[in-house]
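Hi everyone, thanks for coming. Let's look at one structure together, and I'll walk you through it slowly.

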Amino acid sequence: MTGFKEPSFQDRAAAAARAKKKALEKMKAAPKPDDADLAARAARREERDAKAASKRAAAEEAKKQGEREKREKALEAEREQAKAVTPEATEAERKAARDARYAARKSRNFGRS
């Protein structure tokens, strides 16, 4: 049995050229699509693109709605937090509250005597 003979560069280049020529002949022999087929393909492509565009638009709208809801929740939480924090009373307000308590106490005690 003889050993394996390594193909030379020329052999490999010739084999590649033969393969290219055979593929080209096969492609030329293939039937060409007619105009109706091309129109149907274009219609399917446009329909597919329209569906994808509407899907993208719906997803973007949902994302915007989610962000809007998130901002509203954050704003509501901020409002609730602002309500929970009572502002520090001024000196005049504290004095008025103290005087009101004193007057109420005096009126209660005055009625007993």
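**A chain of helices**

The protein chain has an average pLDDT of 90, and 94% of the residues reach at least 70. pLDDT, by the way, is the predictor's confidence in each residue, from 0 to 100. This is a predicted model, where local features need pLDDT of at least 70, side-chain atom pairs count only at pLDDT 80 or more, and totals for chains, interfaces and linings use all residues. Residues are numbered from 1 along each chain as its sequence is written, and side-chain values use heavy atoms, with hydrogens and water left out.

So what is it built from? The protein chain holds three helices and zero strands; here helices (H or I, at least four residues) and strands (E, at least two) are DSSP runs, numbered from the N terminus. Confidence is highest in helix α1 (residues 9-29), with a mean of 96, and lowest in helix α3 (residues 91-112), at 87.

Now the overall form. The C-alpha atoms fill a box of roughly 135 × 50 × 25 Å along the principal axes. How many of the 113 residues count as buried? The share is 0%, where buried means under 20% relative accessible area, exposed over 50%, and partly exposed in between (1.4 Å probe, protein chains only).

Why does alanine 16 count as partly exposed? Because its relative accessibility is 38%. Alanine 16 and alanine 50 lie 34 residues apart in sequence, and their C-alpha atoms are 43 Å apart in space.
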